[in-house]
Each structure stands twice: as C-alpha cells, then as structure tokens.
Amino acid sequence: MLRAVGPEEELDQFNIHVARYRPEELTKLTKTTKFTRKEIQLIYRGFKQECPTGMVDEESFKHIFSQFFPQGDASQYAHYVFNTIKHNQTGKISFEDFLGILSKVSRGSVQEKLQWIFGLYDLNGDGLITKKEMLEVVTSIYEMVGRSTRPQVDEHSAKEHVEKIFHLIDTNKDGVVTIDELVEWCSRDEQILQSLETLDTVL
C-alpha cells in the first residue's frame, strides 16, 4: 500500500539511494544558512526534482537558468554565475553550495550581497574588476534580457553603460575597481541600497 512521503523522509531516502552525494543534515544547514528547516525542505524538494543526482554540472545549470529567460541567451551569464557557486574540486554545484549562495543573496547583509556581486564581475579572481571584465558580464546580461526590453539593447549600449558606471565607481582612476570602491559607491546610492534590501524576502 502506498503512503505519502514527508519532506524529511525525502531527505533521508536521498541519503540512502544516491551514493555519489549526500546532503548535510537539516540541523546543520539551518545553522550554516539563514533558512528554517521547513524552507530548506521546500528548496531541497525543488532542487532534487531538477537535479536527481544531487550535483549540478555547468551544462545542466545553463539549461535550468535558460528556462527563466526564454526570450534571450542566458548561457554566458549562467556560466559566470555558475563559477561563483561551484565547488572548485568537483567543478559542480552541490545542494549545500546552492543553498549557501541563495542564503547570502536573498537573506544576507548588504555587505555579503555586494561581495557576491563583486565576485561575479571579478572573472579571474584577482580581487580587482577591470573595465573589460565588467563589459563581459554586462554584455552577457544584455544578451540574456536584451530581446525582451523596449527599446532593444545592443553591444554599443552595453559599452556606453560600462563606460559611465566604471567611471563613477573607479574613484581613484587607476583603471580597476576594488571591493571597497564598489561598497563606497553603492552606499552613496539609495536606489541601489533599496534594490539590495528587496532581495531580503521570504521564499
């Protein structure tokens, strides 16, 4: 006779049946993230549905990401986001990786959110953002949403946007942006601060 399976049993069954990867216990995850047990169970259920093996490679991540932006090409932006989340040793995203970054972006402090944004634009991980790096990320965003905007944006629009923003953030005019410059610039802009705060929502 079939019976309903609860969220906690789903997590237990996942531990048993998938030998390649076992998520950490719920209690530990509630301590390392800003989510409740119930929220983690709901997030895990969706994660398991999309990623039954418990690990996400880059191609799978791009496929999932593209579903949210059907009118554009999200592959390059998804690549950049994937690199901020993936575990360096495996090159894949585990449930803990995913939950950790989701916790920072949705429930973290403004400082934590800005650190993640900085890491997204710092493509080579040297602690500095060059104009070229900023242009590459902004271009990928335009490719992702450009077709659905009116008027449509193009490569020239991306370059203009980067020239304007980079000039404002790079306060000492040394040709690179540091995390301190990004934090200082954002702290002076109420609209940016409000947009970062609105990410602090309940799932």
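# Reading a predicted model, pair by pair

Mentor: Start with the aromatic cluster: ring pairs join Phe61, Phe65, Phe69, Tyr77 and Phe82. Keep in mind that this model is predicted.

Trainee: How many aromatic pairs does a search of the whole structure find?

Mentor: The search finds seven. Take one of them, phenylalanine 65 with tyrosine 77. An angle over 60 would count as edge-to-face, and one under 30 as stacked.

Trainee: Which helices hold phenylalanine 65 and tyrosine 77?

Mentor: Phenylalanine 65 is in helix H4 (residues 58-66), and tyrosine 77 is in helix H5 (residues 75-85). The two are 12 residues apart in sequence, so the pair ties those parts together.

Trainee: Is phenylalanine 65 buried or exposed? And what does tyrosine 77 count as?

Mentor: The cut-off for buried is under 20% relative accessible area. Phenylalanine 65 has 16%, so this residue is buried. Tyrosine 77 is at 12% and also counts as buried.

Trainee: Which residues of H5 are buried?

Mentor: Tyr77, Ala78, Tyr80, Val81, Phe82 and Ile85.

Trainee: What is phenylalanine 61 in contact with, leaving aside its neighbours within four places in sequence?

Mentor: Val56, Ala78, Val81, Phe82, Ile85 and Ile93. Phenylalanine 61 also belongs to the ring cluster.

Trainee: Which residues touch the most other members of the largest nonpolar core?

Mentor: That core has 45 residues. Phe61, Phe65, Val81, Phe95, Leu120 and Met134 touch the most other members. Domain 1 (30-108) and domain 2 (110-202) both contribute residues, so the core lies between them.

Trainee: How many residues apart are glutamate 58 and lysine 62 in helix H4?

Mentor: First the general idea. An α-helix has 3.6 residues a turn, so residues three or four places apart point the same way. Now the case. Glutamate 58 and lysine 62 are four residues apart in helix H4, about one helical turn. Their side chains meet in a salt bridge at 3.5 Å, N to O. Glu58, Glu59 and Lys62 are linked in a salt-bridge network.

Trainee: Where do glutamate 163 and lysine 131 lie?

Mentor: Their side chains form a salt bridge at 3.2 Å, N to O. Glutamate 163 is in helix H9 (residues 155-169) and lysine 131 in helix H8 (residues 131-145). They are 32 residues apart, and the pair links distant parts of the chain. Glutamate 163 counts as partly exposed at 44% relative accessibility. Lysine 131 is also partly exposed, at 35%.

Trainee: Which residues does UniProt list for "domain: EF-hand"?

Mentor: The unreviewed UniProt entry lists 109-144 and 157-192. Residues 109-144 are 72% helix and 6% strand, with end C-alpha atoms 27 Å apart. For residues 157-192, the ends lie 20 Å apart, with 69% helix and 6% strand.

Key: Residues numbered from 1 in each chain as written. Predicted model: local features only at pLDDT ≥ 70, side-chain atom pairs only at ≥ 80, totals over all residues. Heavy atoms only, no water. UniProt positions renumbered as here; feature names shortened; annotations may be inferred. Phe/Tyr/Trp six-rings, centres within 6.5 Å; stacked < 30°, edge-to-face > 60°. Buried < 20%, exposed > 50% of the residue type's maximum accessible area, 1.4 Å probe, protein only. Salt bridge = Lys/Arg side-chain N within 4 Å of Asp/Glu carboxyl O. Core = buried A, V, L, I, M, F, W, Y, C linked by side-chain atoms within 4.5 Å. Domains from an automatic or database assignment. Contact = heavy atoms within 4.5 Å.
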